[in-house]
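Here is a short note for a colleague who is opening this entry for the first time. Please keep the viewer at hand and follow the points in order.

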Amino acid sequence: MEPHSTLVVYATMKMHAQPPKDKVEFEVLMIILRSKQDHGKLKSFIVDKLNMDSGFMVHVKNLKAEVYRAMLTAITCDPASCQIISRSIEDTTLVTSIDAHPTKPWIVTGHEGGNFSIWDYQKKETVMKLQVNEVPDKVTRMIHGVTKYIKETSLGHPVYSVKFTAEGKRLVVGDGRGYIYVYDSTDTKLHEVEKFRAYDKKSVNSLAAHPTKPYLLLSSSSFSRNIKLWDSSENWKFQNFKVKPENTYYVGVHSVKFNPRDTNTFACVTDEDKVKVWNIKTSILETTLKGPFVMADYFFNRGHQHLMVTLKFDAHNSEIWDLKTRKVVHTLSVSGHKTTWVACHPKLPILVTMLDDGTVCLWDASTYRLEKMVHITNSKCRDLVFVQDTNGRPRLVIAFETMIAIMKVNLPIANTSNASG
């Protein structure tokens with residue numbers, strides 16, 4: 001392990017009797033080495049060794065390592081405390097994005113087939129469904145698959161991003177033709193109140209609604225260097241933030257996200273694999289983190305420290321960055337598994353990481369301790385979002401390729417009275 005890191009190790013035991021919850025302890029031998037070179041020497045020495053005999057300890061002593069013994073308590077996963085409410089989406093095309101209504105038990109999902117739907121997860125029924133664009137034919141898909149690597153072109157039909165505004169009165173949709181659609185969502189019937197082109201022949205791949213100002217909206221495209229901040233109170237006038245990549249081959253932006261604690265700033269993940277943080281009042285680029293990154297989210301923090309959790313392509317761990325020092329302050333990983341998704345609750349110290357086998361990991365963001373692991377499905381994660389039920393308890397909604405899972409987050413740190421930061 002590197003310094004300032006948390007590593008989760010699986011241990012499978014034969015069950016002879018039900019153990020007391022969170023009372024199973026393991027004796028762990030910790031060896032602290034002075035350099036990576038010494039670590040390599042020790043690692044090569046213990047390859048294929050099942051027992052640490054006296055010769056092993058002599059080798060450790062020769063490396064002048066520090067040796068400690070500690071008793072660690074294992075986390076006992078209780079599936080019953082993480083109830084899964086599932087919805088099959090086998091009858092629809094692949095999910096591209098999801099979002100949750102701020103006050104109603106509604107989940108909106110956008111699909112590659114050019115449609116979106118709203119689902120009531122309490123009644124377990126579809127509230128409404130709307131086809132925005134026609135489904136592209138097979139030939140169109142094949143042509144796009146070839147041309148998108150040659151020039152800036154996007155498949156014109158999918159719905160790529162869906163977002164409710166802060167007060168929940170409107171639903172905003174971005175599609176593959178570069179259009180943004182605005183719907184009035186105050187009742188069970190959607191009414192289109194606005195439609196405008198955000199990017200010329202370039203897809204709208206990411207949208208972000210301002211956490212407190214429902215008239216502000218961010219948009220970005222994987223085929224454009226321009227991030228746009230739209231103001232519906234001024235007839236959808238926009239403020240432009242131009243991403244200038246060092247390599248001109250990279251031209252787009254993967255995603256945009258407002259900072260829930262400093263709403264005057266937002267972060268973007270660019271196609272040149274960097275994270276950039278902008279200030280919407282000054283239009284100044286405040287921070288740049290050098291990756292390569294595929295995902296980033298603002299991390300829960302108390303005090304004045306500004307943290308961000310990031311994920312690299314094909315990574316085994318996620319990293320926590322200090323945005324002021326631009327240094328990694330902690331890493332999180334699960335032995336033997338790659339992390340495919342990261343997200344942090346906007347108000348509570350809950351961090352979620354998705355593993356490549358469809359397992360959800362819930363971490364305490366203030367202690368970096370893994371609190372629970374729940375395996376849901378072997379399907380690939382497409383998007384996830386936090387919601388709150390009518391009692392104020394958090395839930396996690398995860399869109400997989402073939403299903404949507406809603407998981408109750410029954411953890412001590414999920415108590416809303418503890419929210420701060």
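**Notes on selected strands and residues**

1. Start with strand β29, residues 381-388, which is mostly covered. Of its eight residues, seven are buried. Please bear in mind that this is a predicted model.

2. Strand β29 has a partner in β30, residues 394-400. The two pair in the antiparallel sense, over seven bridges.

3. Six bridges join β7 to β8, and the two run antiparallel. Asn 115 stands opposite Gln 131 in β8. As a general point, strands of a sheet pair through backbone hydrogen bonds, either parallel or antiparallel.

4. Now Ala 414, in the segment after β31 (403-408). Is Ala 414 buried or exposed? Ala 414 is buried, because its relative accessible area is 7% and the cut-off for buried is under 20%. Leaving aside neighbours within four places in sequence, Ala 414 is in contact with Leu 348, Ile 350, Pro 394 and Val 409. Ala 414 and Lys 347 are 67 residues apart in sequence, yet 9.7 Å apart in space, C-alpha to C-alpha.

5. His 337 sits in a loop, between β24 (327-334) and β25 (339-344). His 337 still counts as buried, at 16% relative accessibility. What does His 337 touch, not counting residues up to four places away in sequence? The list is Tyr 10, His 316, Leu 355, Asp 356 and Asp 357.

6. Met 1, Leu 7 and Val 9 make a nonpolar patch of about 320 Å². Leu 7 belongs to strand β1, residues 5-8. Leu 7 is partly exposed, with a relative accessible area of 37%. That value falls between the two cut-offs, under 20% for buried and over 50% for exposed.

How values were computed. Residues are numbered from 1 along each chain as its sequence is written. This is a predicted model: local features need pLDDT of at least 70, side-chain atom pairs count only at pLDDT 80 or more; totals for chains, interfaces and linings use all residues. Side-chain values use heavy atoms; hydrogens and water are left out. Patches are made of residues with over 30% relative accessible area and no salt bridge: like charges are joined within 9 Å, nonpolar side chains (Val, Leu, Ile, Met, Phe, Trp, Tyr) within 5 Å. Accessible areas come from the Shrake-Rupley method with a 1.4 Å probe; for residues, only the protein chains shown count as cover. A salt bridge is a side-chain nitrogen of Lys or Arg within 4 Å of a carboxyl oxygen of Asp or Glu. Helices (H or I, at least four residues) and strands (E, at least two) are DSSP runs, numbered from the N terminus. Buried means under 20% relative accessible area, exposed over 50%, partly exposed in between (1.4 Å probe, protein chains only). Contact means heavy atoms within 4.5 Å. Two strands pair if DSSP finds at least two bridges between them.
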